[in-house]
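Colleague: Thanks for sitting down with me over this one. Could we go through a few local features together, one at a time?

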Amino acid sequence: REGNVRIIEHSAPRVDLKGAPRLGSSTAKIGIVEYSDYQCLYCRDFHRKQFARIRQEYIDTGLVQFIHRDLPLKMHPHSVPAAVAARCARAQGRFWDMHDALLDNQGRLGPELYAKLAREMKLDEVKFSACLGEPVHEQDIARDLFMAKRLGFSGTPSFLIGTIEGDTLTVAREARGAPAFEMFAQEIEKLRQPPSR
């Protein structure tokens, strides 16, 4: 959370990215993983402020991949169904559109909103509706949650920043809360430097 940001240096743990939604060039060697909750106000504010700039300066320019993981908090009853809706939009190639729309419509999360957004995105509504009931999504979300707990994350948003090789992120930094854009920029620039001999 803003003002309560902790940045921790690790002895470079590795994190599996397989199956996670990614934004940016597949050849980008730097990755930011966000553990997020669709009902979390700090997550919404991060996406409206810092993320917009990170996307413009680093993701859209091919330098960074942004990776989403779910960390639904128990106090938020809509966070798991919203995460399922995002996954069902992903099945039709519209994950990031749904992800952004869910955060922008945070106060209205629920089945009516998911159906409305699916219509607006011109998704196949029959497939989307059937997908919402598939248990595999909640199992996948539970796996994200388990991984977050292993990393010691219990709040959102939480971030990992590191280098990517294939489906593996080697973590250089960890941050909890919504750090300023400058922190991300500083860490990205450090990772862009060739290692000193």
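Colleague: Is D144 buried or exposed?

Modeller: Keep in mind that this is a predicted model. D144 sits in helix α7, residues 135-150. Its relative accessibility is 4%, and the cut-off for a buried residue is under 20%. D144 therefore counts as buried.

Colleague: Nice. With which side chain does the side chain of D144 make a polar contact?

Modeller: Leaving out residues up to four places away in sequence, D144 touches Y35, R69, D70 and R87. The polar contact, at 3.0 Å, is between the side chain of D144 and the side chain of R69.

Colleague: R87 came up among those neighbours. Does R87 count as buried or exposed?

Modeller: R87 belongs to helix α3, which covers residues 79-90. Setting aside neighbours within four places in sequence, R87 is in contact with D70, F95, H137, D140, I141 and D144. Its relative accessibility is 18%, and the limit for buried is under 20%. So R87 counts as buried.

Colleague: Let's turn to helix packing. How are α2 and α8 oriented to each other, roughly parallel or oblique?

Modeller: The axes of α2 (residues 50-59) and α8 (residues 181-192) come within 9 Å and cross at roughly 30 degrees. Angles under 35 degrees count as roughly parallel. The two helices, α2 and α8, are therefore roughly parallel to each other.

Colleague: And how many nonpolar, polar and charged residues does the contact of α2 with α8 have?

Modeller: α2 passes α8 in a right-handed crossing. On the α2 side the contact is made by Q50, R53, I54, E57 and Y58, and on the α8 side by F181, E182, F184, A185, I188 and E189. By class, the contact of α2 with α8 has six nonpolar, one polar and four charged residues.

Colleague: What about the other pair: is α1 roughly parallel or oblique to α4?

Modeller: Helix α1 (residues 41-48) and helix α4 (residues 95-104) have axes that come within 9 Å and cross at roughly 120 degrees. That angle makes α1, relative to α4, oblique.

Colleague: How do the residues of the contact of α1 with α4 divide into nonpolar, polar and charged?

Modeller: Here α1 passes α4 in a left-handed crossing. The contact is made by C43, R44, H47 and R48 of α1 together with H99, L103 and D104 of α4. These residues divide into two nonpolar, two polar and three charged.

Colleague: Now some backbone details. Which two residues does a cis peptide bond join?

Modeller: Have a look at the loop between α7 and β6 (158-165), where P157 lies. With omega at about -10 degrees, the cis peptide bond joins T156 and P157.

Colleague: K122 has a positive phi although it is not a glycine; is K122 buried or exposed?

Modeller: The phi of K122 is about 55 degrees. K122 is found in the loop between α5 (111-120) and α6 (125-132). Its relative accessible area is 73%, and the cut-off for exposed is over 50%. K122 is therefore exposed.

Colleague: One last stop, in α5: how far apart in space are L117 and D97, C-alpha to C-alpha?

Modeller: L117, in helix α5, is buried, with a relative accessible area of 4%. Not counting residues up to four places away in sequence, L117 touches M98, A101, L102 and N105. L117 and D97 are 20 residues apart in sequence, and their C-alpha to C-alpha separation in space is 9.3 Å.

Key:
Residues are numbered from 1 along each chain as its sequence is written. This is a predicted model: local features need pLDDT of at least 70, side-chain atom pairs count only at pLDDT 80 or more; totals for chains, interfaces and linings use all residues. Side-chain values use heavy atoms; hydrogens and water are left out. Axes are lines fitted to C-alpha atoms, for helices over the stretch in contact, and angles run from 0 to 180 degrees between N-to-C directions. Helices (H or I, at least four residues) and strands (E, at least two) are DSSP runs, numbered from the N terminus. Angles under 35 degrees count as roughly parallel, over 145 as roughly antiparallel, 65 to 115 as roughly perpendicular and the rest as oblique. A crossing is left-handed if the near helix is turned anticlockwise from the far one by less than a right angle, and right-handed if clockwise. Contact means heavy atoms within 4.5 Å. Ala, Val, Leu, Ile, Met, Phe, Trp, Tyr, Cys and Pro count as nonpolar, Asp, Glu, Lys and Arg as charged, and the others, Gly among them, as polar. Buried means under 20% relative accessible area, exposed over 50%, partly exposed in between (1.4 Å probe, protein chains only). A polar contact is a pair of N or O atoms within 3.5 Å; within protein, one must be able to donate a hydrogen and the other to accept it, and residues adjacent in sequence count only if both atoms are side-chain atoms.
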